Amino acid sequence: MKKNQDPDDHFDRLSDELLTLIFNKVLDAKSLCRCSVVSKRFASLIPQTDNVSLTVLPSNSLKANRRRTFFIKFLKFLLGKFMPKLSENEDEDQTYGFMTQVLRNFSDIKRLSVQLPCHGDELGSRGPDHSFLKWKSEFGRELQRCVVLGATSFHRRRSSSKKHRQPPEPILATEEMKTRVVWMISCLIAASTRHWLLKQTIADIPMNLQSVTISDSSKQGRMIMGEEQFKELRKSTNPAVPVERTMVPAVLVKMWYAPVLELPACGRVMKGATLMVIRPVERKMVEIESEDEGLGDYFEGEEEEEVLREAMGELLKEKKPYLIEMDSL
């Protein structure tokens with residue numbers, strides 16, 4: 001009689017380099033953590049994954065699922081006594097605690113993407129008024145640039161509607177200007193909060209990141225950072241000193257506005273269309289002017305990328321943008 005033989009493990013035929021390449025394609029931190037308990041070999045290779053994406057659950061979900069969610073049970077099993085307890089204070093503390101729990105499992109992250117929860121009542125979240133708001137910010141040690149694209153109404157153009165004629169110099173009424181200021185402050189606060197969250201994380205977990213993206217589940221805004229920007233931030237972070245909140249410096253805002261913006265290529269119409277480019281006031285105007293030339297592709301890789309590119313291109317044709325200075329927040 002032939003003795004029963006254990007089935008072949010085809011993963012044993014794969015080199016460590018190939019397996020690491022596969023794990024880098026998985027991206028999702030939750031899935032990678034689960035894979036690490038499959039075998040000792042997986043557990044030794046997954047920490048070397050350099051491309052990680054992490055989705056943070058809403059704080060109420062973390063509380064409700066803490067006892068029954070497999071993922072949380074798994075993390076407790078995996079990290080044991082080395083796992084820090086989730087803070088029971090504010091949502092930000094819980095988000096920070098969750099991020100550090102998961103990211104401690106990876107020792108060589110180069111590209112990190114984090115998606116934060118949203119609460120459903122954000123400005124421009126496509127409610128009944130069909131308003132629209134999109135932003136993207138760049139940070140190093142502090143804010144470098146933030147671009148905001150918004151509209152009070154954003155919808156498809158009806159085939160029977162007539163083309164709107166723009167006034168020679170569109171003028172913002174006082175109430176409309178106040179709305180844009182609210183948009184600007186809201187986006188800057190959201191961006192600086194994400195930067196502060198990253199500062200807290202790298203103060204606890206040493207990382208050498210080449211790129212960072214922190215977005216939200218509604219895909220309204222992104223805080224991004226490249227390799228040189230991250231190095232600048234890391235040099236300014238002292239693990240022995242409590243991490244202070246990121247302050248928004250005094251900024252100069254260039255704002256383009258159109259009461260009605262026709263987008264013929266994508267068949268859309270934006271009402272109250274507004275583009276704001278926000279930079280620290282210390283930046284030289286010559287640098288600012290040169291950077292404006294490449295703004296058309298600033299939202300590359302986003303959903304509805306072509307729509308955003310067309311809208312920004314049309315708004316930038318307005319020759320006289322508003323200039324606004326705002327003190328630090």
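In which sense do strand 8 and strand 9 pair, and over how many bridges? The pairing is antiparallel, over 12 bridges. This is a predicted model.

**Confidence**

The chain has an average pLDDT of 82, and 77% of the residues reach at least 70. Residues 64–89 fall below 50 in pLDDT. Even so, that stretch has 39 contacts in the model beyond near neighbours in sequence.

**Strand 8 and its partners**

Strand 8 runs over residues 251–263. Cover is the rule here: 12 of its 13 residues are buried. Strand 8 pairs with strand 9 and also with strand 10. The table sets out both pairings.

| Partner of strand 8 | Residues | Sense | Bridges | Facing residues |
|---|---|---|---|---|
| Strand 9 | 268–280 | antiparallel | 12 | W256 and L275 |
| Strand 10 | 322–326 | antiparallel | 5 | K254 and L323 |

Strand 8 and strand 9 form a hairpin. W256 has L275 of strand 9 as its bridge partner. On the strand 10 pairing, K254 stands opposite L323.

In a regular strand, side chains alternate between the two faces of the sheet.

**Cysteines**

How many disulfides does the structure hold? The count is 0. C146 is in no disulfide. Its nearest cysteine sulfur belongs to C187, 5.9 Å away. Is C146 buried or exposed? C146 is buried, at a relative accessible area of 0%.

Notes: Residues are numbered from 1 along each chain as its sequence is written. This is a predicted model: local features need pLDDT of at least 70, side-chain atom pairs count only at pLDDT 80 or more; totals for chains, interfaces and linings use all residues. Side-chain values use heavy atoms; hydrogens and water are left out. pLDDT is the predictor's confidence in each residue, from 0 to 100. Contact means heavy atoms within 4.5 Å. A disulfide is a pair of cysteine sulfur atoms within 2.5 Å. Buried means under 20% relative accessible area, exposed over 50%, partly exposed in between (1.4 Å probe, protein chains only). Helices (H or I, at least four residues) and strands (E, at least two) are DSSP runs, numbered from the N terminus. Two strands pair if DSSP finds at least two bridges between them.
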